[in-house]
Amino acid sequence: MGARRGGLASRRTVLRGVLDGVAVALALPWLESLGGFGPTARAGTSSGFPLRFALYAWGNGNNPDRWLPIGEGSGADWALSEQLAPLAAHKDKIAVVTGLSVRLPNVVPHGSGAAGLLAGTPIVNDTFGGPTIDQIIAEAVGGETLYRSLQTAATDTLGQSYSGPNLLNPAESDPFALYERLFGPTFVAPGEGGLVDPSLGLRRSILDGVMGDLSALQARLSVADQARLEMHLDGVRDLESRLARLIEDPPSLAACVQPAAPLASYPDIDGRPQISARSRAMCDLLAMAFACDQTRVAAHYLTQPVADILFPDATKGHHSLTHDEGGDQPQCNAITLQCVAEFGYWLDALRAIPEGDETLLDHCAALGCSEVSLGQTHSLEEMPLVVAGGACGQLATDVHLRVPGDNASKLMLTLIRTLGVSQASFGVDEAYTEDGFAPIEL
Amino acid sequence: MVRGAWLLGLAACGGDDGTAPVAEVGTPRAPPPAVQAGAPTLRRLTTAQYQATLADLFGPTLILPTALEPDVPVDGMVSIGSATSGLSARGVEQYEDAAWDVAAQLADPAVAARVFTCRGEASVDEACAREIVSGFGQRVYRRPLTPAEVDALVAVAASAGETFGSFDVGIQYAVGAMLQSPAFLYRVELGEPDPDAPGARRYTSWEMASRLSYLLWQTMPDDALLDAAASGALVTEAGLAEAVDRLLADPRARTGVRALFEDILQLGDDLDAVSKDPFVYNAWSVDLIASAREQTLREIEALVVDDDADWRSLLISQRTFVDRRLAALYGVEAPVIDGFGEVELPAAGGRRGLLGHASFLLLKSHATTTSVTRRGLYIQERLLCTDLPDPPAGLNTAIPEPSEDAPTMRDRVEVHLTVPECAACHELMDPLGLGLETFDGVGQWRTTENGVTIDASGALAGVPFADAWSLAQVVHDNPALSPCLALHIFEAATGRVPSAGEEEWMAWHTDGFADEGHRVRWLLRDLLLSPAFRQVGEVP
């Protein structure tokens, strides 16, 4: 980014503290401020901490035979399988749901699964048919935080976070850029007081003007273009309210501290991307973004569907291996284990942050998933789905729930409702449901 | 889908003998069929267009913003994606960051000279602010500002000028506001009633200026084009023709032609994302990507801009441009020490044309192997516009590892052509890819695989080929090749696939392309002067 020069007051050189004549909102103790949290109030009240939604996805699936846990039920009645073993440290905090299907025509390999699972829609003209679960939740609960939602990726991918057809929220794949955004010069730790910067008000008033221009233009456009500008407007509104919040004291969350910066870059080593290092850097930052209540919705993509990335020790790219590798696919198995292990790392990071008598993980609904089960056949049965954290005691943990052939949309709807969002249904056609996934609900 | 329907119609028009019809010299062109214009598009500037526009507005010393919403291809084209994709909250934030980064650079006297046509007498000087906002603003918005827009920006300048006690800072804020306006970020082209055709609509003269410059130059209109827009010339036959000819003759058309083909051939972000295993491919280095892209674009530039030749030569040309890195990869002597020079690829080398370019071969291979399917699919979908269905679910797709029984890729993918569910599509793709097996995953020539001589023979639509050299000719001669390029150029020019009311015209336009020797400059001129490019439908 180019250096700021000249007279324009830069956000990089802001004063901190309270100056006479500058309106600064009074700091409200965390618990008092909870009263106004609308959709999340119900979800958060039992612990006093906000409830977060974390989505973790990797590409190209698993092997359902090696994924299926041993036994069903809770506690000692079930044990982790080979491909779930990397989550051993969190067995007490996860629910493994097996047997769910994406009940839509499997016509676009990987695409049908991704859209069907995360949005409950088919792929229509190369795009998802509606918003994805993270955006449905963010739309309802994201208004209270600096960022409505965050999307990140450990590899160079755009991710699969859609606000609607063609309305993609591209993932940030550079850990340092994510750090700068969340914990760079505008970051204010609890107790430091809000930013004082005369440019903030001017910037906000300019954004108001931009909103007016967008609205005026919208009225002259097609429905599809109106939706595109509505997304643009939403972004401007978010930015405007974020600038407004910067002058307020940040939430007084004890666990919120400025984290260490990640490396400036993570170049490929011998033609292989540093997937694990990048993912872990991202997950550390996302966990702290939750701890600082900068956002309550984050989606992290390890790899994308169809990604043909060379994992460590693999002789071919991942997607090639899922199709070409014969036998019981030992290389694919090793890669799936790495994909699950990186989910485990994110859970580690969330669990390492204390919140009251519990940890941040207890105040999360974290969904780990992939867009297919067996990559070789692009199967949409036996979808790999793990829900971690228990969502402030709303969801069962330390449990294996087996429901062969049931509709995966039910689990999505439960997760959406768990976040306090009033949602009548999820999915279309055969994927449509008005019912949540009762077995996981406490 | 409209695009598929049009191509079916097109295939039906093609000759059965695999050759394009040749027009008799002097045959007058049939009159154009009527066009029922497609709906307007709202295109957001692509990253390249946004940066080029900033450079034109603020001059070469401007440090360009780079952290921007990524371009998203739709229907295989960034041009179409720019007219269909949304803008995320992160993208809005990045545009705001970029606007303030650029505005702050007005402190650079060289940048300021582009903006300040007057100097403020005080920290708030409404007359001067008004002059700058309406004058410079017309370049930023690519049209005159409305009085309300001018008032709003003058108010921004006054407010910031007063807050910071500086007129110049006030203007920085006004410029920062302009750079966040939809009038700058989007190409708003909604048209106006056409006085010459009651009931029809046409793009305005101002809109035509941007339509021309972003297609042909990848950047904003220059002053002469803005003047032509202001005079109304661009809605007249003569004025438009003059502008098109000037833009095509300008050196900036090189940038436009390169960008056009980079989008069509998918040599942008897709190629940048390529990565190979250096232990499998000793010739691989990440620098190969830029060299490979440059070779292909330079050859296209030579064919289209310098020679105004039959573009299909791209498929069979032995003349190409290489740097030392590519010369080593191709096994030819480097023509120059630094940069790129012209070489004639020897027939004995087996390599000629686009299908022998490292750009395509790198792009359509895996990290440790070639991909006969992806290479074949590219030829069918990208070059010939064949619609192929997605593969069915639920199939075992394993192929055997190399062995004594199956040493070559042809042996290993045999299952693709013997199992009926696979063969329906793979027989359209794999034989073409197998024809290119003499190029490995980074594009290096080889004659054997695992010690066995590679058999690269096959057929495309019943026309046999013996090897990569003759496959190049077969693709070159395929009657769908040039119509497919014409379709992609239409898509790039309009940001959408042709609508039903444009199909007849497209067929006529494409016939003309063949009659005129497959010259892209002719095609562009024919398109840009046509009702298909000048007329616009109602907002649906």
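This is a predicted model: local features need pLDDT of at least 70, side-chain atom pairs count only at pLDDT 80 or more; totals for chains, interfaces and linings use all residues.
Colleague: How many helices and strands has chain A?
Modeller: Chain A has 12 helices and 16 strands. Both are DSSP runs, numbered from the N terminus: helices are H or I with at least four residues, strands are E with at least two.

Colleague: Why is A:Asn125 called exposed?
Modeller: Its relative accessible area is 61%. Exposed means over 50%, buried means under 20%, and partly exposed is in between (1.4 Å probe, protein chains only). A:Asn125 therefore counts as exposed. The residue sits in the loop between β5 (123-124) and β6 (127-128) of chain A.

Colleague: What makes the phi of A:Asn125 worth a remark?
Modeller: Phi is positive there, about 50°, although A:Asn125 is not a glycine. Most residues other than glycine have a negative phi.

Colleague: Is A:His378 buried or exposed?
Modeller: Buried, because its relative accessibility is 6%. A:His378 also has a positive phi, near 55°. Its place is in the loop between β14 (364-370) and β15 (385-388) of chain A.

Colleague: What makes β14(A) and β15(A) a pair?
Modeller: Two strands pair if DSSP finds at least two bridges between them. β14(A) and β15(A) have four, in the antiparallel sense. In one of them, A:Cys369 has A:Leu385 as its partner.

Colleague: Which other strand is joined to β15(A) by four bridges?
Modeller: Strand β4 (residues 94-98) of chain A, and these two run antiparallel. Here A:Ile94 has A:Ala388 as its bridge partner.

Colleague: Which way do the residues of β15(A) point?
Modeller: A:Leu385 and A:Val387 point one way, A:Val386 and A:Ala388 the other. All are buried.

Colleague: How do you know that chain B touches chain A?
Modeller: Contact means heavy atoms within 4.5 Å. By that rule, 67 residues of chain B are in contact with 64 residues of chain A.

Colleague: What is the area that the two chains bury?
Modeller: About 5,500 Å² between them, with 58% of it on carbon and sulfur atoms. Buried area is the accessible area (1.4 Å probe) that two parts lose on being put together, summed over both. On the side of chain B, B:Leu42, B:Arg90 and B:Asp101 lose the most area to chain A, together 9% of what that side buries.

Colleague: Why is B:Glu93 with A:Arg242 called a salt bridge?
Modeller: The rule asks for a side-chain nitrogen of Lys or Arg within 4 Å of a carboxyl oxygen of Asp or Glu. In this pair the closest N and O atoms are 2.7 Å apart. The pair of B:Glu93 and A:Arg242 is a salt bridge. Across the interface of chain B and chain A, the rule finds five.

Colleague: Why is A:Glu172 called buried?
Modeller: Because its relative accessible area is 14%. A:Glu172 lies in the loop between β9 (167-168) and α6 (175-183) of chain A. Its contacts, not counting residues up to four places away in sequence, include A:Gln151, A:Met282 and B:Arg90.

Colleague: What makes A:Glu172 and A:Asp174 a polar contact?
Modeller: A polar contact is a pair of N or O atoms within 3.5 Å; within protein, one must be able to donate a hydrogen and the other to accept it, and residues adjacent in sequence count only if both atoms are side-chain atoms. The backbone nitrogen of A:Asp174 lies 3.2 Å from a polar atom of the side chain of A:Glu172.

Colleague: Is A:Asp225 buried or exposed?
Modeller: Buried, because its relative accessible area is 7%. A:Asp225 lies in helix α8 (residues 223-246) of chain A. Leaving aside neighbours within four places in sequence, A:Asp225 is in contact with B:Pro40, B:Leu42 and B:Ala83.

Terms used
Residues are numbered from 1 along each chain as its sequence is written. Chains are lettered from A and ligands numbered from 1 in the order in which they are written. Side-chain values use heavy atoms; hydrogens and water are left out.
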